[in-house]
Amino acid sequence: QVQLVESGGGLVQAGGSLRLSCVASGNIFSIKAMGWYRQGPGTQRELVTVITSDGSTNYADSVKGRFTISRDNTKNTVYLQMNSLKPEDTAVYYCWADLITTNYWRHDHWGQGTQVTVSS
């Protein structure tokens, strides 16, 4: 069994910063990629950013230059540094991982989500 546990969400004023963390644990053989998605009120879940095992990154246009993803492969942990936050960044942020379990089954895993609220 695999678990993704997020932390670091909260309430912040516009222009402020937050740092999210996500730790993957359990029967993990290897992690191909990790990232963050978000779902705002009345919207569909959308990709925020992804980082692969070799460090390649991809960002949604709406967060480029403001958000930075990083990864500690030794700890199976991914971070999301969010700067210059805007009210439209308000959403539940979900950690995601594309990983292979110890029985060599590859599939997506999701965290439970952490709320980020940006006040104007």
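Colleague: Is Trp36 buried or exposed?
Modeller: Trp36 counts as buried, at 0% relative accessibility. Buried means under 20% relative accessible area, exposed means over 50%, and partly exposed is in between, using a 1.4 Å probe and protein chains only.

Colleague: What should I know about the model and the numbering?
Modeller: This is a predicted model, where local features need pLDDT of at least 70 and side-chain atom pairs count only at pLDDT 80 or more, while totals for chains, interfaces and linings use all residues. Residues are numbered from 1 along each chain as its sequence is written, and side-chain values use heavy atoms, with hydrogens and water left out.

Colleague: Back to Trp36, then. Which strand is Trp36 in?
Modeller: Trp36 is in strand β4. Strands are DSSP runs of E with at least two residues, numbered from the N terminus.

Colleague: What does β4 pair with?
Modeller: β4 (residues 28-39) pairs with β9 in the antiparallel sense over 10 bridges. Two strands pair if DSSP finds at least two bridges between them. In that pairing, Ile28 has Thr101 of β9 as its bridge partner.

Colleague: And what holds the strands of a sheet together in general?
Modeller: Strands of a sheet pair through backbone hydrogen bonds, either parallel or antiparallel.

Colleague: How many residues of β9 are buried?
Modeller: In β9 (residues 91-101), 10 of the 11 residues are buried.

Colleague: What is between β9 and β10?
Modeller: The two strands form a hairpin with four residues between them, and Tyr104 in this hairpin takes a positive phi near 65°.

Colleague: Is Tyr104 buried or exposed?
Modeller: Tyr104 counts as exposed, at 62% relative accessibility.

Colleague: How many aromatic pairs are there?
Modeller: The count comes to three aromatic pairs. The rule is that rings of Phe, Tyr and Trp (its six-membered ring) pair if their centres lie within 6.5 Å; planes under 30 degrees apart are stacked, over 60 edge-to-face, and the rest tilted. One of the pairs is Phe29 with Tyr104: the centres are 5.1 Å apart and the planes are at 70°, so the pair is edge-to-face. Phe29 lies in β4 and Tyr104 in the loop between β9 and β10, so the pair ties together parts that are 75 residues apart in sequence.

Colleague: What about Tyr37 and Trp96?
Modeller: Tyr37 and Trp96 form an edge-to-face pair, 6.2 Å centre to centre with 65° between the planes. This pair links distant parts of the chain, since Tyr37 is in β4 and Trp96 in β9, 59 residues apart. Both residues are buried. Together with Trp110, Tyr37 and Trp96 form one aromatic cluster.

Colleague: Switching to β10. What does His109 touch?
Modeller: His109, which lies in β10, touches Val2, Leu4, Cys95, Trp96, Ala97, Leu99 and Thr101, not counting residues up to four places away in sequence. Contact here means heavy atoms within 4.5 Å. His109 is buried, with a relative accessible area of 13%.

Colleague: Now the core. How many residues are in the largest nonpolar core?
Modeller: The largest nonpolar core has 29 residues, and those with the most contacts inside it are Met34, Trp36, Phe67, Val78, Leu80, Met82 and Tyr93. Such a core is a set of buried Ala, Val, Leu, Ile, Met, Phe, Trp, Tyr and Cys residues joined through side-chain atoms within 4.5 Å. β9 gives the largest share of this core, five residues.

Colleague: Last topic: what is the strand order in the open sheet of four strands?
Modeller: The order is β1-β3-β8-β7, with antiparallel pairing. β1 (2-7) and β7 (67-72) stand at the edges with a single partner strand each, so one side of each is left without a neighbour in the sheet.

Colleague: How many bridges pair β7 with β8?
Modeller: β7 and β8 (residues 77-82) pair over six bridges, in the antiparallel sense. Asp72 stands opposite Thr77 in β8.
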